[in-house]
Amino acid sequence: MRKNRFPLLMTILVFGYAFLYGPILSLIIYSFNESRLVTVWGGWSTKWYGELLQNQAILDAAALSLKIAAISATFAVILGTLAALALVRFKRFKGRYLLDIMVAAPLVMPEVILGLSLLLLFVAMEDVLGWPDGRGQTTIVIAHMTFAMAYVTVVVRSRIAHLDQSLEEAAMDLGAKPLKVFFSITLPIIAPALMAGWLLAFTLSLDDLVVASFVSGPGATTLPMVVYSSVRLGVSPQINALATLIVVLVTIAVAIAGYVMYRQEKLRQLEMNSK
């Protein structure tokens with residue numbers, strides 16, 4: 001029975017991957033299209049990559065998106081780690097149930113509702129406190145940090161929940177302070193989860209369109225907003241070239257992150273086996 005099911009499972013697997021990665025492969029191929037029409041093949045050319053590098057609007061939007069994504073991901077990891085520690089290590093405190101709900105809310109809340117609520121919050125804060133002064137980079141960072149930290153909390157919380165606390169207890173029995181234990185024992189062990197959470201938050205921020213459209217101003221246009229404005233008038237070959245560069249960069253980043261986490265896990269296992 002298993003031998004008879006193997007060809008069917010392989011066929012489903014091939015079609016599934018073709019459905020997922022076929023459009024991406026088509027996009028990469030057509031980024032080298034000579035023709036200005038993306039649906040008509042005109043021969044191989046790299047001229048659209050040259051024109052993309054001369055498109056200042058896209059370059060500025062890409063730089064802004066990368067800056068916002070890096071800042072929001074960093075703050076999301078810090079706040080998400082603190083929330084995860086509170087939920088796992090301090091199980092009985094007032095407001096724990098409320099904190100748990102607040103962490104889960106951005107995961108299931110529609111982005112339109114999240115973006116609209118943040119916009120109303122920023123408008124009210126500006127009227128009462130005078131800050132933030134309009135909508136721009138700062139409001140986008142706060143908005144992205146708000147929903148990204150929920151994802152980071154889930155990832156880090158799972159890692160901390162399965163952490164062997166006997167290592168921390170042994171360090172404290174030897175006289176180490178709690179802060180020293182956290183930075184010397186806990187933090188290196190959960191480092192792969194922190195890196196995974198940072199990459200997830202970075203990707204969510206870089207990919208966001210809906211929330212950024214609500215909380216951005218005229219002087220802060222992210223890359224997804226520029227791409228969306230461009231494709232509404234028809235897909236430009238420059239967008240195919242841009243998407244290809246993003247796919248290549250993301251693939252390299254994921255491969256490096258995976259290798260680093262694999263090396264850290266191997267070293268940790270070797271240290272545990274040597275003891």
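**View 1. Packing of helices α7 and α8.** Helix α7 (residues 166-173) packs against helix α8 (residues 178-207) at an angle of about 165°, and their axes are 10 Å apart; helices here are DSSP runs of H or I with at least four residues, numbered from the N terminus, and the axes are lines fitted to C-alpha atoms over the stretch in contact, with angles running from 0 to 180 degrees between N-to-C directions. The model is predicted: local features need pLDDT of at least 70 and side-chain atom pairs count only at pLDDT 80 or more, whereas totals for chains, interfaces and linings use all residues. Residues are numbered from 1 along each chain as its sequence is written, and side-chain values use heavy atoms, with hydrogens and water left out. Helices α7 and α8 are therefore roughly antiparallel to each other, a label for angles over 145 degrees. In contact, meaning heavy atoms within 4.5 Å, Leu167, Glu168, Ala171 and Met172 of α7 meet Val181, Ile185, Thr186 and Ile189 of α8.

**View 2. Aromatic pairs.** Rings of Phe, Tyr and Trp (its six-membered ring) pair if their centres lie within 6.5 Å, and planes under 30 degrees apart count as stacked, over 60 as edge-to-face and the rest as tilted; by this rule the count comes to seven aromatic pairs. The rings of Tyr17 and Tyr21 are stacked, because their centres are 6.0 Å apart and their planes lie at 15°. Both tyrosines, Tyr17 and Tyr21, belong to helix α1 (residues 2-30), where they are four residues apart, about one turn of the helix. The pair Phe182 and Phe183 is edge-to-face, because the ring centres are 5.3 Å apart and the planes are at 80°. Ring pairs also link Tyr30, Phe32, Trp41, Trp44 and Tyr49 into a cluster.

**View 3. Ala104 in helix α4.** Ala104 is placed in helix α4 (residues 96-108), and with 34% relative accessibility Ala104 counts as partly exposed, a class between buried (under 20% relative accessible area) and exposed (over 50%), computed with a 1.4 Å probe on protein chains only. The C-alpha atoms of Ala104 and Val154 are separated by 8.5 Å, although these residues are 50 residues apart along the chain.

**View 4. Annotated spans.** In an unreviewed entry, UniProt lists residues 62-257 for "domain: ABC transmembrane type-1"; the span of residues 62-257 is 81% helix and 0% strand, and its end C-alpha atoms lie 22 Å apart. Among the residues that the unreviewed UniProt entry lists for "transmembrane region" are 12-32 and 68-90. Residues 12-32 are 90% helix and 0% strand, with end C-alpha atoms 30 Å apart, and residues 68-90 are 96% helix and 0% strand, with end C-alpha atoms 32 Å apart.

Definitions and conventions:
UniProt positions are given in the numbering used here, feature names are shortened, and annotations may be inferred rather than shown by experiment. Helices (H or I, at least four residues) and strands (E, at least two) are DSSP runs, numbered from the N terminus. Angles under 35 degrees count as roughly parallel, over 145 as roughly antiparallel, 65 to 115 as roughly perpendicular and the rest as oblique.
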